[in-house]
Amino acid sequence: MKECRTTRYGGRVVQCPKCGLIKTVYNACNQRGCPICYKRNQKLWEHRVLESLLNTNHFHLVFSIPQVFTAVWLRHKKEFMNAFFECVKRAIATISGDYGVTPGCVAVFQSHGRGMAYKPHIHCALTAGGLDENGKWVPLGSIAYTRLAKVVQEYLIKELLRKEIDTRELPEQHEINNREWTVYSTYYQDSAEKIIGYLSYTANGVVINLNQDIEEDLVKGTMRFTENHAGKQVSTELLKTTFVERYCNHIPPPHTVTVRYYGLYSNQYSSKLEELQKEFPIDIDYEDEELVDHCPECHTPMDIIKTLEPYEVVMSYEDFCNHDPPENMKKLTVIGPAFF
Ligand SMILES: [Zn+2]
Ligand SMILES: [Zn+2]
């Protein structure tokens, strides 16, 4: 990440076809958790997820578990996440049994709470309805959330043991505060766009982004940042080492799948889903401005005139300049390295 938008990942030399301005743009690192290139990844992720959903009413469910599990997550991030997902999958499956319909569900794992605190939980966008056994769409006005929480409570430790995770440090089941096994639910009319839009901010492991209010206190050696939490601006101050430690811990380990699809949204139902998508078509705005570099002077989309290999440095633009208004050569701009 430290080398994002430096020569490390190569880049391109672009020129404005209108005013002739030339500049070098270095490539993004595309690493999980990178606060510089998250913006474009965020949009891509949002589009990709929305494309696979139905344009219908959804519940936004949040599965929370007792705080005592945090230590287990920190030590076995991948296995813990998989176990937690298994439980949520099981919980969602009970809906089919209870209501006789198969809903669609996209589940997203998140590890952070307010102030980058460690708080593993799972968000779900769940269709407020599903297909019955005759293939007919049946809407659901509400579901029994407490029952879903109970399923997770019943199976989490079992799943961890199945994955050979040492749970001996956990208190006995009866010592764990039962009220900490919760499912919060919010109903969204028409589509899951708002839920997915909200989740996209942190989907790639960027729990603090550079557009946020971040302040460094050189005297105290702390970082202070402000987040929007339940409609309020909340500020957190952390020692720099804690800040970095927490930030890094929230980046999902390589090759872990933090987004899962269940029921109608799973692969098993892909042809059925395609049919349903005609009934509930989704409308996504695909404008992706960041794919094209715009001229900083006249905002015209710029042409790529040279592609740069990793570590390749451009000493002079003269050799491959397509236009020759010399006055523009004064305006040469080199973008990057940015921020770091
Ligand atoms: Zn221009
Ligand atoms: Zn990056």
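This report describes the sheet, the helices and the nonpolar cores of a predicted model.

**The sheet**

Five strands form an open sheet in the order E8-E3-E5-E4-E12, and their pairing is antiparallel. Strand E8 (182-188) and strand E12 (259-263) are the edge strands, each pairing on one side only. From one strand to the next, the twist averages 20°.

Strand E4 (residues 104-112) takes part in two of the pairings described here. Seven bridges connect E4 to strand E5 (residues 118-127), and the two run antiparallel. Within this pairing, Val108 stands opposite His123 in E5. Five bridges join E4 to E12, again in an antiparallel arrangement. Here Cys105 has Tyr262 in E12 as its bridge partner. Although E12 is an edge strand, E12 is mostly covered, with four of its five residues buried.

**The helices around the sheet**

Helix H4 (residues 145-162) lies across strand E3 (58-64) and E8, and runs at about 140° to E8.

| Helix | Buried residues |
|---|---|
| H1 (38-51) | Tyr38, Val49 and Leu50 |
| H3 (residues 77-99) | Phe80, Met81, Ala83, Phe84, Phe85, Cys87, Val88, Ala91, Ile92 and Ile95 |
| H5 (residues 193-200) | Ile195, Ile196, Leu199 and Ser200 |

Helix H1 has 14 residues and reaches 20 Å from its first C-alpha to its last, close to the 20 Å expected at 1.5 Å a residue. The buried residues of H1 are Tyr38, Val49 and Leu50. They cover an arc of only 95° around the axis, and therefore lie on the same side of H1. Their packing partners are E4, H5 and E12.

In H5, the buried residues are Ile195, Ile196, Leu199 and Ser200. Seen down the helix axis, these residues fall within an arc of 135°, so they line one face of H5. They pack against H1, E3, E4, E5 and E8.

Helix H3 has 23 residues, which at 1.5 Å a residue should span 33 Å; the end C-alpha atoms of H3 are 34 Å apart, which agrees. The cover over the buried residues of H3 includes E3, H2, E4, E5, H4 and E12. Just after H3, Gly100 adopts a positive phi of about 70°.

In soluble globular proteins, nonpolar side chains tend to be buried together. The largest nonpolar core in this model has 52 residues, of which Phe84, Val88, Val106, Ala107, Cys124 and Val152 touch the most other members. Helix H3 supplies the largest share of this core, ten residues. A second, separate core has eleven residues, including Tyr9, Ala28, Cys37 and Val207.

Apart from its neighbours within four places in sequence, Val88 is in contact with Phe63, Ala107, Ile122, Cys124 and Val152.

**A buried loop residue**

Phe69 is located in the loop between E3 and helix H2 (70-75). Is Phe69 buried or exposed, given its C-beta neighbours inside 10 Å? Phe69 counts as buried because it has 22 such neighbours, and the cut-off for a buried residue is 20 or more. Between Phe69 and Glu279 the separation is 210 residues in sequence and 42 Å in space, C-alpha to C-alpha.

Conventions:
Residues are numbered from 1 along each chain as its sequence is written. Chains are lettered from A and ligands numbered from 1 in the order in which they are written. This is a predicted model: local features need pLDDT of at least 70, side-chain atom pairs count only at pLDDT 80 or more; totals for chains, interfaces and linings use all residues. Two strands pair if DSSP finds at least two bridges between them. Axes are lines fitted to C-alpha atoms, for helices over the stretch in contact, and angles run from 0 to 180 degrees between N-to-C directions. Two residues are in contact if their C-beta atoms, placed from the backbone, lie within 7 Å. A residue is buried if 20 or more other C-beta atoms lie within 10 Å of its own, exposed if 12 or fewer, and partly exposed in between; C-beta atoms are placed from the backbone. A nonpolar core is a set of buried Ala, Val, Leu, Ile, Met, Phe, Trp, Tyr and Cys residues joined through C-beta atoms within 7 Å. The arc is that of the directions from the helix axis to the C-beta atoms. The expected span of a helix is 1.5 Å times one less than its number of residues.
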